[in-house]
Amino acid sequence: MSNLDSLSMTLRAFSVALLSGSLWTGFAYADKDSGRDVEAIANRFFAALEREDEELALSLLAPEAMLHAPYNPNGDASDAGIRSFPASLYVKGALATYDNLVFVNRHYSITDDGRTVWIEAQGRLRVAASGRPYENRYVFKIALAEGKIEAITEYTNVATLAQQGVIATAPD
């Protein structure tokens, strides 16, 4: 058998395995439902923020859920510059600071284990105190444990925040 014949047989076997789905077994979610769950819970969380439903948003958080914001106005890119605080304060602060919260053009990427979802979105909000519109791009990383949000990491452009008159600080 020539090398070309051997390669041809290998490619045919690979194609059959690929089409039958047997190659994907190791790459699927450990629990397929958990992948759907994390996206559904993230959607419910954003829907709660958009409806300004603080009770629902808080009910989706684990008791010790944290918000991590790696970007800050002073430009500190080290781990020491990451602002972290209880996610419940994030929810309360967002609902107090903004009204008309809307996150559009959401794109989801779920990790192989189905416990974490990355979401890219455009935020279209209004600053409650001034009534001025505020738009920014966001990337959120939402991690679940036992069906609740245990951590949210929010990446956003803090220069855009500052231009809109919003200072990125940890809530009190």
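Student: How many bridges join β1 to strand β2, and do they run parallel or antiparallel?
Tutor: Four bridges join them, and the two strands run antiparallel. Strand β2 covers residues 83–86. Within that pairing, A69 has R83 as its bridge partner in β2. Strands here are DSSP runs of E with at least two residues, helices are runs of H or I with at least four, and both are numbered from the N terminus. Two strands pair if DSSP finds at least two bridges between them.

Student: What should I know about the model itself?
Tutor: It is a predicted model: local features need pLDDT of at least 70, side-chain atom pairs count only at pLDDT 80 or more, and totals for chains, interfaces and linings use all residues. Residues are numbered from 1 along each chain as its sequence is written, and side-chain values use heavy atoms, with hydrogens and water left out.

Student: OK. Which strand does β1 pair with in the parallel sense?
Tutor: That is β6, over four bridges. β1 spans residues 61–69. L67 has I152 as its bridge partner in β6.

Student: What is the strand order of the sheet?
Tutor: The order is β2-β1-β6-β5-β4-β3, an open sheet of six strands with mixed pairing. β2 and β3 (98–110) are the edge strands, each pairing on one side only. On average, neighbouring strands are turned by 25° against each other, direction ignored. That angle is between axes, which are lines fitted to C-alpha atoms (for helices, over the stretch in contact); angles run from 0 to 180 degrees between N-to-C directions.

Student: And how many bridges join β3 to β4?
Tutor: Nine, and those strands run antiparallel. β4 covers residues 116–127. F103 stands opposite G123 in β4.

Student: Switching to charges. How many salt bridges does a search of the whole structure find?
Tutor: Four. A salt bridge is a side-chain nitrogen of Lys or Arg within 4 Å of a carboxyl oxygen of Asp or Glu. One of them joins the side chains of R106 and E50, at 3.0 Å from N to O. R106 lies in strand β3 and E50 in helix α2 (residues 32–50), so the pair ties together parts that are 56 residues apart in sequence.

Student: Now E154. Is E154 buried or exposed?
Tutor: E154 is buried, yet has no salt bridge. Buried means under 20% relative accessible area, exposed over 50%, and partly exposed in between, using a 1.4 Å probe and protein chains only. The nearest side chain of opposite charge is R83, 5.7 Å away. For charge, Lys and Arg count as positive, Asp and Glu as negative; His and the chain ends are not counted.

Student: What does the E154 side chain have a polar contact with?
Tutor: The side chain of Y90, at 2.6 Å. A polar contact is a pair of N or O atoms within 3.5 Å; within protein, one must be able to donate a hydrogen and the other to accept it, and residues adjacent in sequence count only if both atoms are side-chain atoms.

Student: And T153, where does T153 lie?
Tutor: In strand β6. T153 is buried, with a relative accessible area of 10%.
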